[in-house]
Structures are given as C-alpha cells and as structure tokens.
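Please look over the sequence and the model shown below before reading on.

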Amino acid sequence: MKLNEAQITKTLSQFQAQVLAEDHPAAAQFRELFGQHTFFLDPKGLHVLELLEVFGMEAEEGEVISLADWADADFTKLTTHQPEPTGLVVRLKEVQH
C-alpha cells in the first residue's frame, strides 16, 4: 500500500528503516514487481507495510512484510522472495480512551 506522510512518520517511529525515494532507480522496478507501495529498506532488506483491516472499520495497524533480502555485505544487491510476514505490527492510529 502507498502510505501518506503521517503513516510513514508513524511507521518510522516504530520500525528502524529508510523510505526508498520515489525517484530512486530501483523504485520503478519494485513497483513493477510488487505494485504501488511505500518501500522501506533496513539492514535485513526490502519491506512494505500491509494494513491489517477489519471489515467495516478503518485500519489502525499494519504489518511489516519482507519482500527481499540483501544478497551482499555491502547492501547493494537484493534477492526477492515470496512476501513474508515479519510479525512486526505498526500502530498507525492512536488509541482513544
């Protein structure tokens, strides 16, 4: 999913990564492979956030999904794989009490 600025900020406050710039040469290739997403890079590889939706409600959380792992120690090459849930859930909305 393509995240808005507020969602990106919330995600980065809970997940230590960098957003891959829209104009990065690899971004077009990743969009072709995986669709329209906000892509995140961290020491493990390439990730996206998939919303955890409950029918009839706005999504409040998303799970970080791994799409590719680094193939070299210099973090210059990625090897894609089937999307894998990481178990890391990001809270996108504040809890109202």
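## An aromatic pair across the chain

F40 has a relative accessible area of 1% and is therefore buried. This value, like the others in this report, was computed from a predicted model. F15 also counts as buried, at 7% relative accessibility.

A search of the whole structure finds four aromatic pairs, and one of them is formed by F15 and F40, whose rings lie edge-to-face, 6.1 Å centre to centre and with 70° between the planes. This pair links distant parts of the chain, since F15 sits in the loop between α1 and β1 whereas F40 belongs to strand β2, 25 residues apart.

## Rings in helix α2

The rings of F30 and F34 have their centres 6.5 Å apart and their planes at 35°, so this pair is tilted. Both residues lie in helix α2, four residues apart, which is about one turn of the helix. F30 is buried, with a relative accessible area of 8%, and F30, F34 and F39 form one aromatic cluster.

In soluble globular proteins, nonpolar side chains tend to be buried together. Here the largest nonpolar core has 12 residues, among them F30, F34, F39, A27, L20 and V48. The elements that give two or more residues to this core are α2 (25-34), β3 and β4 (61-70), and the largest share, four residues, comes from α2.

A27 touches L20, A21, E22 and F39, when residues up to four places away in sequence are not counted. Apart from the core that includes A27 lies another core, of eight residues, including I8, F15, L49 and L92.

Which residues of helix α1 are buried? In this helix, which spans residues 5-12, they are Q7, I8 and T11. These three residues cover an arc of only 100° around the axis, which puts them on the same side of α1. On the other side of the helix, E5, A6 and T9 are exposed.

At the start of α1, a side-chain oxygen of N4 reaches to within 3.1 Å of the backbone nitrogen of A6.

## A buried histidine in a loop

H37 lies in the loop between α2 and β2, and with a relative accessible area of 11% this residue is buried.

Conventions
Residues numbered from 1 in each chain as written. Predicted model: local features only at pLDDT ≥ 70, side-chain atom pairs only at ≥ 80, totals over all residues. Heavy atoms only, no water. Buried < 20%, exposed > 50% of the residue type's maximum accessible area, 1.4 Å probe, protein only. Arc of directions from axis to C-beta. Polar contact = N/O pair within 3.5 Å; in protein donor to acceptor, adjacent residues only side chain to side chain. Core = buried A, V, L, I, M, F, W, Y, C linked by side-chain atoms within 4.5 Å. Contact = heavy atoms within 4.5 Å. Phe/Tyr/Trp six-rings, centres within 6.5 Å; stacked < 30°, edge-to-face > 60°.
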